[in-house]
Each structure stands twice: as structure tokens, then as C-alpha cells.
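Colleague: I would like to learn how to read a few features of a protein model. Can you walk me through them?

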Amino acid sequence: MKILSMICATVLVGGIARNTDCQPAPADSTRVWRESLRAADASASTAAFKAGLPGALSAAMTDDAVLLWEAAPIVSGRAGVQQLLGAQPSVRVSWQPFRVLVSSNGKFGVTFGETSRYGATSAPASSGRYMTVWQRGSPGAWKMVAHQQIGLVSPDSVKIPSPLPGEMNSTKSPQDPFAAADIAFARMAIDSGAPAAFYHYSAPDGMTFAGTGELNIGPDAIRARLAEGAAGKAKWVWRPVITLAAASGDLGVTIGTAEIGLGPGPNDVFFSKYLSVWKRQPDGSIKFVADGGSGRPQKP
């Protein structure tokens with residue numbers, strides 16, 4: 001791929017652009033950018049194994065980064081991330097990406113894959129999934145702007161500080177193409193059911209990460225799995241609250257809150273949060289390439 005125009009890094013929060021910076025785009029750099037992101041992801045994984053996840057994330061994240069932690073609300077900002085993770089038992093992990101995606105302007109990327117948790121020994125004690133969103137700054141270094149762990153810890157073990165700085169449970173949906181795709185996706189889930197909606201909005205190689213660690217790949221497999229049991233008949237309602245995206249418009253992430261109604265009563269609702277990775281397809285449509293979520297507290 002040859003990129004001859006100017007490249008810019010833009011992160012959208014609530015539809016507002018921030019952290020924008022432009023420079024001449026190098027030619028034939030896609031592979032170099034991807035490998036540099038892979039190296040940054042591996043470096044953060046090594047730090048999380050040696051020193052624990054809180055220290056690794058603190059060193060790798062931007063000041064306004066977003067964290068999605070099991071059974072906790074969405075948290076934005078270094079203070080909230082550090083306070084939330086500081087309240088949890090020490091966690092030592094490592095991870096390995098299934099995919100490393102970089103935008104065409106080389107300033108925005110996503111890694112997602114498998115996480116291993118360790119106890120007192122070097123042998124993995126459990127596994128989960130992770131999704132990390134990255135921004136490449138002017139010096140060329142990649143920094144985390146969002147991180148999610150799925151199925152890594154038991155929800156019952158999570159302690160939520162109060163008050164928790166940066167806590168986000170709802171806000172006005174952002175206005176951008178990726179949020180618009182997510183909103184249309186949610187509307188289809190209401191009108192036609194979750195299996196049909198996930199099938200329609202999944203990229204050919206799209207993945208869904210369940211809280212149980214299950215991995216489903218491709219529209220057919222995703223639809224078939226969702227159609228099984230109560231999930232296929234559940235009422236799914238969600239909305240994006242944050243968009244993180246490349247200025248080039250080909251790669252983006254939506255983060256939001258959801259309620260999954262599994263029955264008629266108020267106690268039959270599962271409150272969750274999610275992170276969806278979106279990629280513009282050759283025909284111009286926007287489809288998700290990865291989607292995963294975890295529980296959150298119910299808020300009045």
C-alpha cells in the first residue's frame with residue numbers, strides 16, 4: 001500500500017476530535033506500523049507478567065485512557081483506572097494477539113486475543129480474552145487509549161471503590177460513522193433479534209468474545225451460537241458512549257453500555273458494557289471485526 005497524503009491521528013470522544021497531529025505519510029509502511037504495534041503489545045504483556053497488570057497498564061496508557069474491567073463500570077482517566085485496579089487482588093497476566101490491526105494512516109491500531117492469568121507459579125492458572133486500542137504519537141511510540149479484559153477474574157471477586165473517578169454509565173451517543181453503525185446495529189437487534197443483527201453487521205472474519213472465554217468466528221457461526229438458548233430470544237438494548245477512531249476513517253472502536261433482558265422481570269436483566277472494533281469494508285460498509293463485553297453494576 002502506498003500512502004502519499006498527509007496522515008493525522010484523531011480520537012473521537014462524544015463526537016469531539018482530540019489529540020490530532022499530522023505529518024507526511026511514509027510509503028509502504030503498513031507492515032512496519034503493524035510490527036511496531038505488535039512489539040508494543042508484546043512489551044505491555046511482558047510487563048504485565050513480570051510486574052502485574054496495574055503497573056503495566058499505568059505505564060502504557062494515556063492519561064485519558066478507558067478501562068473495561070469485569071463487573072465494573074466503564075472508567076475513563078488515569079486516576080479512575082489506577083483506583084479501580086488498586087482495589088483488586090494482584091493480577092499477573094500475559095497475552096497473545098489473534099490479530100493486530102492498523103489504520104491506513106498508521107496512527108491508530110487495535111490488538112485482541114487471549115490472556116493467561118498466573119498464580120504463584122509460571123504456569124497459567126486461567127485464561128480470558130483481551131482487547132486493546134492504541135494510538136501512535138508523534139515520537140512514534142504506541143500508547144493504550146482503551147483496554148478490556150474479559151473472563152480474566154471472577155465477577156464476585158471485584159471490588160469497586162466509591163466514589164470512582166471517571167466512572168461512565170451513560171452519556172449522549174457520539175455522532176460519527178462508527179457510532180452510527182453501532183446504533184443501527186442495536187436498532188436491528190431490537191427489530192429483528194440479536195442473531196440476525198450480529199450476522200448482518202459481522203465482517204467475514206468477525207469475532208465475538210463471550211464472558212465464558214468462548215470464541216465465535218464468522219457471521220454464520222456467530223448467528224448460530226446466539227440462536228441457541230435464551231440469548232437468541234433475549235431483548236438486547238445497547239448504545240455507544242465513546243468512539244475512538246482513526247482520522248483516515250477505516251478503523252474505529254465503539255465503547256458502550258447494554259442491557260440484555262433474559263426474562264419478563266426486572267431481575268432478569270443482565271447489565272453489561274462492551275467494546276466493538278469496526279473496520280470499513282471494500283464496499284464502503286462498516287462491519288465489526290471483534291466484539292466483546294462483560295458485566296457492570298446496575299445504576300438507577
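**The cavity**

Modeller: Leu53, Pro54, Trp69, Leu85, Gln88, Pro89 and Val91 line the largest cavity. This is a predicted model: local features need pLDDT of at least 70, side-chain atom pairs count only at pLDDT 80 or more, and totals for chains, interfaces and linings use all residues. Residues are numbered from 1 along each chain as its sequence is written, and side-chain values use heavy atoms, with hydrogens and water left out.

Colleague: What is the volume of the largest cavity?

Modeller: Rolling a probe the size of a water molecule over the atoms shows where empty space is left. A cavity is a set of points, on a 1 Å grid over the protein atoms alone, where a 1.4 Å probe fits but cannot get out; lining residues have an atom within 4 Å of a point. Here the volume (the space filled by probe spheres set on the points) is about 30 Å³. The lining has 6 nonpolar, 1 polar and no charged residues.

Colleague: Which rings form a cluster through ring pairs?

Modeller: Rings of Phe, Tyr and Trp (its six-membered ring) pair if their centres lie within 6.5 Å. Here Phe185, Phe198, Tyr201, Trp236, Trp238, Trp278 and Phe288 are linked this way. The structure holds 14 aromatic pairs.

Colleague: Which residue lies over the face of Tyr201?

Modeller: A charge sits over a ring if NZ of Lys or CZ of Arg is within 6 Å of the ring centre and within 35 degrees of the ring normal. Over Tyr201 lies Lys287, at 5.7 Å from the ring centre. Arg92 lies over the face of Phe49, at 4.6 Å.

Methods
Rings of Phe, Tyr and Trp (its six-membered ring) pair if their centres lie within 6.5 Å; planes under 30 degrees apart count as stacked, over 60 as edge-to-face and the rest as tilted. On a 1 Å grid over the protein atoms alone, a cavity is a set of points where a 1.4 Å probe fits but cannot get out, and a pocket is an open set with protein on both sides within 12 Å along at least five of seven lines; lining residues have an atom within 4 Å of a point. Ala, Val, Leu, Ile, Met, Phe, Trp, Tyr, Cys and Pro count as nonpolar, Asp, Glu, Lys and Arg as charged, and the others, Gly among them, as polar.
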